[in-house]
Amino acid sequence: MAVELPWVEKYRPDSLAEVVGQQETVKRLQSYVKSHNVPNMMFSGPAGVGKTSAAVALAKELFKGEFARNLLELNASDSRGIDVIRGQIKDFARTLAFSADFKIIFLDESDSLTSDAQHALRRTMEKYTKTCRFILSCNYSSRILEPIQSRCVVFRFRPLQPKEMEEKLFEIAKKEKLLLEKKAADAIIYVSMGDMRKAVNILQAASALESKVGEETVYRVSSRAKPKEVKEMISLAMEGKFIEARSMLDTLMYEHGMSGEDVINQVYREIMDSDEKEIAGKTKIALVDIIGEYDFRMVEGANERIQLEAMLAQFMRFKK
Ligand SMILES: Nc1ncnc2c1ncn2[C@@H]1O[C@H](COP(=O)(O)OP(=O)(O)OP(=O)(O)O)[C@@H](O)[C@H]1O
Ligand SMILES: [Mg+2]
């Protein structure tokens, strides 16, 4: 049996035009391609929103057939350290670009470099400025030293909009001859929170279980509860029905396989997303204060199950 390529790779954009969302960024990258003039750049933003895809697509459009030879992809969190990375950069930068004026070095997770390593990187960038352009990818630009930032044009990548994700999901479903229910697509979008990689992975996992992907399967493969279930647990607690709220918690943790962290994050999200009629603003503030406390305790290593129950018990103070 042929091994199936992960869909995130199969459907990685080949061109800048295929990169969804990030319109401003894409437009400017396209203009660089047109003028064959590329500055050093920094792509910052959350996971799975197209940073690597945009860099690879840019290189493909610039270098066409020679793209593989003119692009070096490195990961800064390489455990072998900055010296190995500098060695690779040196080897790559030493030879001239193939039918182009410069080569591109894409350095993923550059915010994982220590400050010393960043200084070393800065010197390396300066040294090869004639033959290479650097694209640094990071989740938080504030973790990058100012002297590096100031040498780069910074592009901020945003979490994808629900509409953008929906289009992409249905496009993939069509190509895979998969029936994707609208509700299931909504569920994938809810769970993945703007992270396209996560969305595509969930779709693939769900498709392995059924050819007509429904809402239930999405929540099952992503170990997430339906918003409705979490909401129900919160309201049960706030109505003072502790035993019922607790049994809902059982369902979330044992049937859906959610971790304590998953549960508390989703509780937080549902409370913040609820409107004034459901939970009044003042109550919301008090609830978030409680959630913060229990989140901290769990991070510190307290028993998740007990902490979550204690949190629900605290919610009972808001019984009307
Ligand atoms: N803007 C987008 N348009 C189309 N597909 C996308 C987009 N963003 C992500 N994807 C899909 O998700 C996969 C992962 O995206 P990518 O590797 O570009 O994310 P990233 O921003 O580099 O994330 P990380 O910070 O984790 O490295 C891609 O292969 C593609 O299938
Ligand atoms: Mg990446």
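Reply: The bounds of the domains used here come from an automatic or database domain assignment. Please keep in mind that this is a predicted model. The protein chain is divided into domain 1 (7–156), domain 2 (162–221) and domain 3 (227–318). Between the C-alpha centres of domain 2 and domain 3 there are 27 Å.

Helix 3 has 13 residues, and from its first C-alpha to its last it reaches 18 Å, close to the 18 Å expected at 1.5 Å a residue.

Next, how many of the 13 residues of helix 3 are buried? Ten are, which leaves the helix mostly covered. The buried ones are K51, S53, A54, A55, V56, A57, L58, A59, L62 and F63. These residues pack against helix 2, strand 1, helix 4, strand 2, strand 3 and strand 4.

Four of those neighbours are strands, and they belong to an open sheet of five strands in the order 2-3-4-1-5, with parallel pairing. Strand 2 (71–75) and strand 5 (153–156) each have a single partner strand, so one side of each is left without a neighbour in the sheet. On average, and with direction ignored, neighbouring strands of this sheet are turned by 20 degrees against each other. Helix 3 packs on the sheet by touching strand 1 (41–44), strand 2, strand 3 and strand 4 (132–138), and its direction makes about 160 degrees with that of strand 4.

Strand 2 runs parallel to strand 3 (residues 103–108), and five bridges join the two. Within this pair, L74 has L107 of strand 3 as its bridge partner. As background, strands of a sheet pair through backbone hydrogen bonds, either parallel or antiparallel.

Leaving aside residues up to four places away in sequence, I188 touches L169, A199, I202, L203 and V218. In soluble globular proteins, nonpolar side chains tend to be buried together.

What comes after the helix? Helix 3 is followed by K64, and the phi of K64 is positive, near 50 degrees. That is a positive value in a residue other than glycine. K64 sits in the loop between helix 3 and helix 4 (67–70). Is K64 buried or exposed? K64 counts as exposed because it has 11 C-beta neighbours inside 10 Å, and the exposed class takes in residues with 12 or fewer.

Q22 is found in the loop between helix 1 (7–10) and helix 2 (23–35). Q22 is buried, because 23 other C-beta atoms lie within 10 Å and 20 or more are enough for that class.

Definitions and conventions
Residues are numbered from 1 along each chain as its sequence is written. Chains are lettered from A and ligands numbered from 1 in the order in which they are written. This is a predicted model: local features need pLDDT of at least 70, side-chain atom pairs count only at pLDDT 80 or more; totals for chains, interfaces and linings use all residues. Two residues are in contact if their C-beta atoms, placed from the backbone, lie within 7 Å. Two strands pair if DSSP finds at least two bridges between them. Helices (H or I, at least four residues) and strands (E, at least two) are DSSP runs, numbered from the N terminus. Axes are lines fitted to C-alpha atoms, for helices over the stretch in contact, and angles run from 0 to 180 degrees between N-to-C directions. The expected span of a helix is 1.5 Å times one less than its number of residues.
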